[in-house]
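Okay, thanks for coming, everyone. Let me put the structure up and then we'll walk through it together.

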Amino acid sequence: MTLLDHAEPPVHRADPVTVEIIRNALTSAANDMNATLIRSAYSPILYEGGDCVVALLDTDHQVLGQSAGLPLFLGNLETCSKAVEEKYGSEVWQPDDVWILNDSYLGGTHLNDVTIFAPVFVDGTHVGFSATRAHWMDMGSKDVGGSMDSVDIFQEGLRMGPVKLHEAGRETFIVDIISTNVRFPYQTIGDMNAMIAALRMGTIRMQELVARYGIATIEAARDEIFRQTEALERKTVADIPDGVYEAEGVLDNDGIDLDTPIPITLKVTVSGDTIDFDVTGSADQTRGPVNCGVAQAVSALRVGYKLLISPETNSNGGSFRPLSTQVREGSVLGAVAPAACQWYFSHLGLLIDLVSKALAPALPDRVVAASHGDSMIINTAGTDPRTGRDWVTMEATLGGWGGWDGSDGESALINSVNGSIKDLPIEMVETKYPFRITAYRIEKDTGAPGRWRGGNGATREYEFLADCAVGLWFERSRTKPWGLFGGETGRGPEVIINPGRDDEERLLKANARPMKAGDVIRLTASGGGGYGNVADRDPQAVASDVENGYVSVDHARRHYGYEG
Amino acid sequence: MSSYKVSMDIGGTFTDIVTYDNQAKRYRATKSSTTPGELSRGVISGLDSVIDDLSDIDFTVHGTTQGLNAFLERRGVGVLLLATDGVEDSYHIARGPRLELYNAQYRKPEPLIERKDVVGIRGRLAYDGSELVPLDEEAVRDAARRVRDGGYGAVAVAYLFSYKNPDHERRTREILREELGSDFTVALSHESAKEWREYERTSSAVVEAYTGPVVRDYLRNLEDELSTRGVEAPLHIMQSSGGILTAASAREHPLQTLFSGPVGGAIGGAKLAESLESGNLIGVDMGGTSFDVSLVIDGVPDVSTEAVLEGQPMLMSVVNIHTIGAGGGSVAWIEAGGLRVGPRSAGASPGPACYGRDGTEPTVTDANLALGRVSAEGFAAGHMSLDIEAARTALATVGEPLGLGPVDIAEGICDVANTQMAQAIRTITISRGIEPRDFTLVAFGGAGPMHAVFLAKELGIPETVVPRFPGAFSAWGMLQGDVRKDFTQPYFHLDEDIDPADMSRTLRGIEAEALASLAEEGVPEDKRHAQHSVDVRYQLQEFFLTVPLTSADEPLDPDFGRRLAERFARQYEDRYGHANLGAPIEIVTLRTRVTGVLESAEERRSEPAEGADFPHRTKPVVFDREPRDTMIVERDDLRSGHTFAGPAIVLEDTATTVVPPGFSVRVDDQGALIIRNLEVEGND
């Protein structure tokens, strides 16, 4: 039996041209849903940040088509309609109903990530689901937008469902409950309606497909599409030598108890064309908000898997079939009520990187050394003396990514869980807020040495022109960006308040810390890990790095024996 | 005595020339081979073939891909970038997004210059343009020495807040020119793009510095050549915005010429919309390796204020061209037992298997040939003959493993490619809030008319138009352009802080300068028009919509605030499907566009047909997996009023139009083919 024949052959084979047309149409339908959502959304985090995902599912909750979307939302939309069915049975689905869910322990993420989904009917027959998840800017948590120091889910805002948002085409009281519980109801309901518009687009596209090809052909095509996807992934997995591969790292702390690191462990077992990810050895759920539900841990593991196994294909119901996952209930990756989940992504960024670390011996040409790995957040709030108006900001700091076989890591790049978000232009920041950006640079020597060196982190320095309060979440100072195959470790994050002054202070996390006009804060994100032994680095690359200022002469002499 | 208007569109393989005879009121199109390294020779030989005495030419317009090619092939000049000290890494940080979410081995788009070619210059302005630290003039002189010693070909200067106060950038250029000579190329960011956002403005200046000397040299040579051949009319250049400028002005602002080549088609589309029932067009231009989609909405080309090329942003007015990675060269292949078409292209080399240049993989062009939709001898005006056996052999390499016969695989590849193109068009229109069914499809380029009707069918579009000279439509479009210049002025205010008198005064100032600048373009005073608009957004948003103003005086209207908010809300609703009237807004940038209307080149109506008959022949072509008797007709044999039904193929020098069964064709009084879906409309 060849690998391509491994999956069960479909009973009725649709012809290859029809299969390919339907495959493209399903992806295109998801793209149309995504375009509709982004076009109609009210919040910048959706229409600029793209912090959302859409999918069409069949009646077995398998993904027919999905937009690229935020990676962390990969492959956990199907848990939502499944949760409804487990609770109410499959007869609960009715035409023109819309459901909503944001429960962290079901959806897996923080309460701000809201999933809205609807069954799709054609002539009275239930043919599948249209589903979308998006980040809502505020869910009525104790602090605006969400907290860095919540200790249970009840501090984090409105927790729902699954419940019906529309029944037989009419809004239910849930819409009113949402409006009265969130801080920005106008935008929130706008975003909610954008999500419903996306569902409608998906429903129309699915109905058109069924009308054109008939459900039997679509099902046959679906089986063939899934078979193709599964066969490709199984082949890649089968090429990995059988064995057990392990990696571990720690989060610095949970944001509340700053002295206790949070271990995350991963055991990968490859056997034939199957692969198992076991994270049961990870820490128990924490008091601070760095927990997530099982569904989200599975998503992160799928991202780690996809980056290595199938980066170029659109995911569908045939994806991830070779993958099994083991997550322990009550751990930081399988949190149960009432664990706080607001800052649910810091350990997931680490987990995604650990997949690459564990499998490095087996996939040396696909893996990358570690990146800075977290968002490295600064937020500020105050009253602008120029206008008397209040302001709030939140910015991520760009860091270095790891090297890989054939290339240095990239410098000053957003971390993986933030998708494709851009930094704020200095000219915009200084015009709108009472700051001056006194430095913004690629920080030399922060990336780790190696045959392929890590990328450098960025330094951004703010001088405040008004009193204000600052929040900081800089992570991964204990598990710094590691190297692979002899590559070294990147420099960790660094935050200095008033550098060079008598009141200079170093810290990494803070909540609403007061700052005075004239105070300076200098943020430097970590550099990436190196790949391969420094001794093997091309001397011309070292010379070019010195010439371009990516490494200092001193660093080049010390690590690479540079003689220039 | 005869006189002519002439447009020249130089592509990679062919140069298209369209002439308009002012007396006969007739267009003609011709094609000559592009002569790399000596481009003007191809142009002159093309002109010689249609005009006896080149001194009869009274107007020339040219679309050039010189800047674009220099950029794409990375053969611009070495650039030294001078940027504000302390934040000079903005260009290489490039705002830090990861544009491929599932690629852990992601690298940023390759910048045009290395980090060592950036010099931090002390000198700092505050957000309002006031000086915090004076310019370090000695550092600028040091940089000039580096330019000389390092053999740099141009300098880009991009300081923070130069759009508020350009003094430091201007002084920098004075110093550089003292040191390097008055001819030396210095691109100042506030001139390349007078808008905020330092990375995008810096990138604009770098692209201008990098491509500028190449464009300048080329334009100077072409002008010299035309003038020695007796062409006295000034040369005009198509800009990325769709307006035209004299070559003399284009040399001052070479960045504006970057997309000079492809935009002609969109301008042609806007002209075409005047004579069609619908002002809403989707233009499809298909060549060998790419498939370009442009939109004309209410008769106006869809123009955006920012362009991105290979990841490098530029802030400038540019006609929106959406490029989809599909074309005649898209390769069919097998993955896990499934058929795939594209996105990889066989390109021009080796090209489709039927080109006989050692390509062995089957492409969409090979499939069209095997189906009989392209004729082996009549491809690219007879400049190239096609090898049908090579096409069949290549198709079998994919067809046999899939169990598909020669016809099934060939038409299957076309069907998959057509649905992919249609789906890409649908997603583009949906993200603009447009329903494609309400639009008319206009097909041009060599391969556009071959696929357009299939796309229209897939999208539910009732009407497809194939204009005259579809292969030279871009060149034709250039003759329809007006002189255009764009001016911007950053003007950041929350709605409640707007000072109407100041806003109006500022607009009047820009207007006076802008209108006066049209004198350099030879536009008489009574032909000059100014239009103002303002970029508006909801507070806290980053992106904006450009909202038109009725005049520079409109802000003085006591009702202005309310009217602006309403106009913005209406536009927002159109674009995004909802609006938020009453929510606080802010204005970002003032924009003034001046146009000079040129003497129009109206064509005399096409001769009506004398009867219903026209010469044609019949040959079998595959549609719906069966060979069908198909009418083959030469376009030159068609007259306005002729009608016929598909299946049919219309042949002409520069393009092939495929009309499948179920569609009717009418030749309108401009000579355009109007193709309608019989199922949707009935035959008319």
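Predicted model: local features only at pLDDT ≥ 70, side-chain atom pairs only at ≥ 80, totals over all residues.

Residues are numbered from 1 along each chain as its sequence is written, with chains lettered from A and ligands numbered from 1 in the order in which they are written.

Chain A, then. We have twelve helices and 20 strands in chain A; helices (H or I, at least four residues) and strands (E, at least two) are DSSP runs numbered from the N terminus. The radius of gyration of chain A is 24 Å, close to the 24 Å from the globule rule for 564 residues, so chain A is as compact as a globular protein of that length. That radius is taken over C-alpha atoms, and the rule is 2.2 Å times the number of residues to the power 0.38. Along the principal axes, the C-alpha trace of chain A spans about 75 × 60 × 40 Å. Of its 564 residues, 59% count as buried, where buried is 20 or more other C-beta atoms within 10 Å of a residue's own, exposed is 12 or fewer, partly exposed is in between, and C-beta atoms are placed from the backbone.

On to a hairpin in chain A. Strand 12 (residues 377-384) and strand 13 (residues 389-396) of chain A pair antiparallel over eight bridges; pairing here takes at least two DSSP bridges between two strands. If you want one pair to look at, Asn379(A) sits opposite Met394(A) in strand 13 of chain A. Four residues lie between the two strands of this hairpin, and Gly388(A) in the turn has a positive phi of about 75 degrees.

Now chain B, with 17 helices and 33 strands. The radius of gyration of chain B is 26 Å, close to the 26 Å that the globule rule gives for 684 residues, so again we have a chain as compact as a globular protein of that length. The C-alpha atoms of chain B fill a box of roughly 80 × 60 × 55 Å along the principal axes, and 51% of the 684 residues count as buried.

Four strands make an open sheet in the order 6-5-9-10, with parallel pairing. Strand 6 (118-121) and strand 10 (185-188) of chain B are at the edges with a single partner strand each, so one side of each has no neighbour in the sheet. The twist averages 20 degrees from one strand to the next; axes are lines fitted to C-alpha atoms, for helices over the stretch in contact, and angles run from 0 to 180 degrees between N-to-C directions. Strand 5 (residues 79-84) of chain B is joined to strand 6 by four bridges, and Thr84(B) has Ile121(B) as its bridge partner.

What packs on that sheet? Helix 4 (residues 137-150) of chain B does, touching strand 5, strand 6 and strand 9 (154-158), with its direction at about 165 degrees to strand 5 of chain B. By touching I mean contact: C-beta atoms, placed from the backbone, within 7 Å. Helix 5 (residues 167-180) of chain B lies across strand 5, strand 9 and strand 10, running at about 175 degrees to strand 10 of chain B.

Also in chain B, have a look at helix 10 (residues 364-371): eight of its eight residues are buried, so this helix is largely enclosed by the rest of the structure. Those buried residues pack against strand 19 (330-335), helix 11 (388-402), helix 12 (406-431), helix 13 (448-459) and strand 27 (617-623) of chain B. Just after helix 10 of chain B comes Gly372(B), with a positive phi of about 90 degrees.

So where do the chains meet? 57 residues of chain A are in contact with 56 residues of chain B. On the chain A side, the largest share, 14 residues, comes from helix 1 of chain A.

Last, the backbone details. There's a cis peptide bond between Ala337(A) and Pro338(A), omega about 0 degrees, and another cis bond between Gly646(B) and Pro647(B), omega about 5 degrees. His61(A) is not a glycine but has a positive phi, near 65 degrees, and counts as buried with 20 C-beta neighbours inside 10 Å.

Definitions and conventions. Contact = placed C-beta atoms within 7 Å.
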